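I opened a new notebook page for this structure.

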Amino acid sequence: MYLKFEKERSLPSFDLLSRIDLVNPNMLIDLGCGPGNSTRLLAERWQAASVEGLDSSPGMLEKAAKALPDLRFIHADLGTWVSEAKYDLIFSNATLQWVSNHHELLPRVFNLLEDEGVLAIQVPFHYSGPLHRSIIEPSLDEHWKSRMGAARDALSVETASAYYDILSALTEDVSMWTTEYFHVMESPQAIVDWVNSTALRPFLAQLQDESEVADFKAILLGKYERAYAKQADSKVLLPFKRLFMLVRRV
């Protein structure tokens, strides 16, 4: 299901990559590489560099290694990952939201940069809108509320102000911006499919059987049908805001 929207999920990687001005980096790593989509972009742009990918999912790493057999992939939890290597580029597309305590994580990762190295990050930044709010609301129903606490805490994204304070304490070279994408979806059901393998995943994991999963998804679909109006061609637009951060070790 994750790869169903490969094009839409890859767009932020292209946009973040376009802002990186490194010329001849030696060591690169893609944190949260998943099936290797963004890792491939790094390897194609800097063909002489040593490129690595890191992910906590063996299944994703298996797909990545199969697609990119010449690259090195590391199985590790980013929340506890340490490395003896230093990198010219540390790249992370839509991963940090799954890791807690960014006040500790970002300095630790930043310290793995070589001098003049770049840390490039993108995280979803839509959590106050209907896409995520429509998942939270049914999880607070008395039928599910007691089981869903961990799911509601699974995603961790700070404010832009908080990220600036963390990063500006590490370096003077900080760039931040947001982009709101408008993805054309076939239907509200397609939006359910979109979140099924990402933000919805922790909630579904707390449900007891397929009947509960079907009930939860039916409620979510109803909310999306009300939140996202059909266009003239019967498709729907999914606004999706993302935060980008680009910092250099100077």
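This is a predicted model: local features need pLDDT of at least 70, side-chain atom pairs count only at pLDDT 80 or more; totals for chains, interfaces and linings use all residues.

Entry 1: I began with α1 and α2, whose axes come within 9 Å and cross at roughly 40°. The contact is made by E6, S10, S13, F14, L17 and S18 on the α1 side, and N37, S38, L41, L42 and R45 on the α2 side. I noted the crossing of α1 and α2 as right-handed.

**Entry 2: what is hidden in α2.** Which residues of α2 are buried? I found S38, T39, L41, L42 and A43 buried in this helix, which spans residues 37-45. I then looked for what covers the buried residues of α2, and the cover includes α1 (6-18), β1 (27-31), β2, β3 and β4 (87-93).

Entry 3: I looked up V23, which lies in the loop between α1 and β1. Is V23 buried or exposed? Its relative accessibility is 62%, so V23 counts as exposed; the cut-off for exposed is over 50%. I also checked V23 against R45: the two are 22 residues apart in sequence, and their C-alpha atoms are 9.9 Å apart in space.

Entry 4: In what order do the strands of the open sheet lie? I read the order of its seven strands as β3-β2-β1-β4-β5-β7-β6, and the pairing is mixed. β3 (72-75) and β6 (173-185) are the edge strands, each pairing on one side only. On average, neighbouring strands of this sheet are turned by 15° against each other, direction ignored.

**Entry 5: β4 and its neighbours.** How many residues of β4 are buried? I counted seven of its seven residues as buried, so far as the cut-off of under 20% relative accessible area goes. On one pairing, β1 and β4 run parallel and are joined by three bridges. In that pair, I29 has I90 of β4 as its bridge partner. On the other pairing, β4 and β5 are joined in the parallel sense over six bridges. Here N93 stands opposite Q122 in β5. I followed the chain from β4 through helix α4 (residues 102-110) to β5 and noted a right-handed β-α-β unit.

**Entry 6: β5 and β7.** Which way do β5 and β7 run, parallel or antiparallel? Strand β5 (residues 113-124) and strand β7 (residues 236-248) run antiparallel, with seven bridges between them. One pair I marked is A120, whose bridge partner in β7 is L246.

**Entry 7: two positive phi values.** Most residues other than glycine have a negative phi, so I listed two exceptions. E116 has a phi near 70°, a positive value, and is not a glycine. E116 is found in strand β5, and at 45% relative accessibility it counts as partly exposed. S234 is not a glycine either, and its phi is positive at about 75°. S234 sits in the loop between α10 and β7, and with a relative accessible area of 43% S234 is partly exposed.

**Entry 8: two more helix pairs.** Two packed helices are described by the angle between their axes and the distance between the axes. I looked up both values for two further pairs.

- α4 and helix α7 (residues 160-168) have axes that come within 10 Å and cross at roughly 40°. The two are therefore oblique to each other, and their crossing is right-handed. H102, H103, L106 and P107 in α4 meet Y163, I166 and L167 in α7.
- Helix α8 (residues 188-196) packs on helix α10 (residues 210-227) at an angle of about 125°, with the axes 9 Å apart. α8 and α10 are therefore oblique too, and α8 passes α10 in a right-handed crossing. In α8 the residues in contact are P188, Q189, I191, V192, V195 and N196; in α10 they are K217, L220, L221, Y224 and E225.

Key: Residues are numbered from 1 along each chain as its sequence is written. Side-chain values use heavy atoms; hydrogens and water are left out. Two strands pair if DSSP finds at least two bridges between them. Helices (H or I, at least four residues) and strands (E, at least two) are DSSP runs, numbered from the N terminus. Axes are lines fitted to C-alpha atoms, for helices over the stretch in contact, and angles run from 0 to 180 degrees between N-to-C directions. Buried means under 20% relative accessible area, exposed over 50%, partly exposed in between (1.4 Å probe, protein chains only). Contact means heavy atoms within 4.5 Å. A crossover is right-handed if, with the strands pointing away from the viewer, the path from the first strand over the helix to the second runs clockwise. Angles under 35 degrees count as roughly parallel, over 145 as roughly antiparallel, 65 to 115 as roughly perpendicular and the rest as oblique. A crossing is left-handed if the near helix is turned anticlockwise from the far one by less than a right angle, and right-handed if clockwise.
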